[in-house]
Amino acid sequence: MRSLGLPTVWGAAAVTYKLACPLAQESGLEARIVTSAVFFAVGTGLILHVRQRLMRELRQLRRVAVAAQSALLRPLPPCVDGLDVAAAQLPSERGAAIGGDLYEVVATEYGVRAVMGDVRGHGIRAFGTVAAVLGCFREAAHDEKDLGGVLHRLERALARHLRQEHPAGAAEEFVTLLLVEISADGEMTALNCGHPWPYRLSGTDADQLAPADPYPPLGLFPLPADLSTVGLGHLEQGDALFLFTDGAQDARDARGRFFPLPHALTRAVRDTPLSSQTVLSRITHDLLHHTRGGPVDDIALMILTKSRCTSLRGAGNCATSHDAPAAGDAPPR
């Protein structure tokens, strides 16, 4: 009711002027000019009042969206058990704080476990699926002894979410997913459900790892009962693992040319010291420049570099050899 008070007063004043003011009853030029000015002022005031109210509500919605993103896709710690970490998300919907991509990395008693995923669709519509998958991963990564158990837990969580969201079963929704485990000695194993394989950055080289055919995306077909992990080799001191969603390699410029991800990675590791944050900043800048700040699909990036940092398990604090800042979202466009 309070929001209607000022417009009501202005409207009553305009009506009172029209009905009670003798000048408003006259038909002369001066009288018409004054009457027009009165109604113009009232109309302008109403428009400005509505605009101010809408801007206030928009700012509130943005604050809510940022809070939701921080709770769901929380900023990663700069270092996790000897791995220098950086991550970013570039939502495709301009002004959106969240998208349909997901990532997380946690230190467990079985090694460091990371997930990178891409929900079918993007923007707000994918928010519920992202929440279901990430929430399950954060629990299963600590509970399950092997990545196969983690992936089966994620499959069940996604199935429950889809049954709740679409009880009639009409909607077809799926998630491409990459699970990676890095042991204390640097041995890497993975399970892939229809997701792009990561790149290993070593020295001045950027090589995409593709050790086996991936399983189908999560949610399309039931997974086999026995899931065999594949080896990604060893992450040596100073090497990095670059995980991404297909929005990065499928990003196009105004002429329809794809983003040259391998070339950009090679240039990034040659031109800058190999740290997660510096490489991430370079690739993010190149992506935004290539797409003129407006990718048509959500993009998520994550880099894990084996450095000399040390960390307290679960504390999220460490001192890195690169003094990298905390991982977070890319700068606004």
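Author: Let us begin with salt bridges, each being a side-chain nitrogen of Lys or Arg within 4 Å of a carboxyl oxygen of Asp or Glu. A search of the whole structure finds 7 of them. This is a predicted model, in which local features need pLDDT of at least 70 and side-chain atom pairs count only at pLDDT 80 or more, while totals for chains, interfaces and linings use all residues. Residues are numbered from 1 along each chain as its sequence is written, and side-chain values use heavy atoms, with hydrogens and water left out.

Reader: With which residue does Glu181 form a salt bridge?

Author: The partner of Glu181 is Arg113, and their closest N and O atoms are 2.7 Å apart. Glu181 belongs to strand β5 and Arg113 to strand β4, so this pair ties together parts that are 68 residues apart in sequence. Helices (H or I, at least four residues) and strands (E, at least two) are DSSP runs, numbered from the N terminus.

Reader: Are Glu181 and Arg113 buried or exposed?

Author: The terms rest on relative accessible area: buried means under 20%, exposed over 50%, and partly exposed in between, with a 1.4 Å probe and protein chains only. Both Glu181 and Arg113 are buried.

Reader: Which residue forms a salt bridge with Asp143?

Author: Asp143 pairs with Arg153, the closest N and O atoms being 3.5 Å apart. Since Asp143 lies in helix α4 and Arg153 in helix α5, the pair ties together parts that are 10 residues apart in sequence. Asp143 is partly exposed, at 45% relative accessible area, and Arg153 is partly exposed too, at 21%.

Reader: How far does helix α5 reach from its first C-alpha to its last?

Author: The expected span of a helix is 1.5 Å times one less than its number of residues. Helix α5 covers residues 147–165, which is 19 residues, and reaches 27 Å, close to the 27 Å expected.

Reader: What covers the buried residues of α5?

Author: Contact here means heavy atoms within 4.5 Å. The cover includes β4 (111–119), α4 (127–143), β5 (175–182) and β6 (187–193). Among the buried residues of α5 are Leu151, Leu154 and Leu158.

Reader: Which residues touch the most other members of the largest nonpolar core?

Author: In soluble globular proteins, nonpolar side chains tend to be buried together. A nonpolar core is a set of buried Ala, Val, Leu, Ile, Met, Phe, Trp, Tyr and Cys residues joined through side-chain atoms within 4.5 Å. The largest core has 27 residues, of which Leu102, Phe137, Leu151, Leu154, Leu177, Leu179 and Leu218 touch the most other members. At least two residues of this core come from each of β3 (101–108), β4, α4, α5, β5 and β6.

Reader: In which sense do β5 and β6 pair?

Author: Two strands pair if DSSP finds at least two bridges between them. β5 and β6 are antiparallel, over 6 bridges, and Leu178 stands opposite Asn192 in β6. The two strands form a hairpin with 4 residues between them, and Gly186 in the turn has a positive phi of about 95°. Of the 7 residues of β6, 6 are buried, so this strand is largely enclosed by the rest of the structure.
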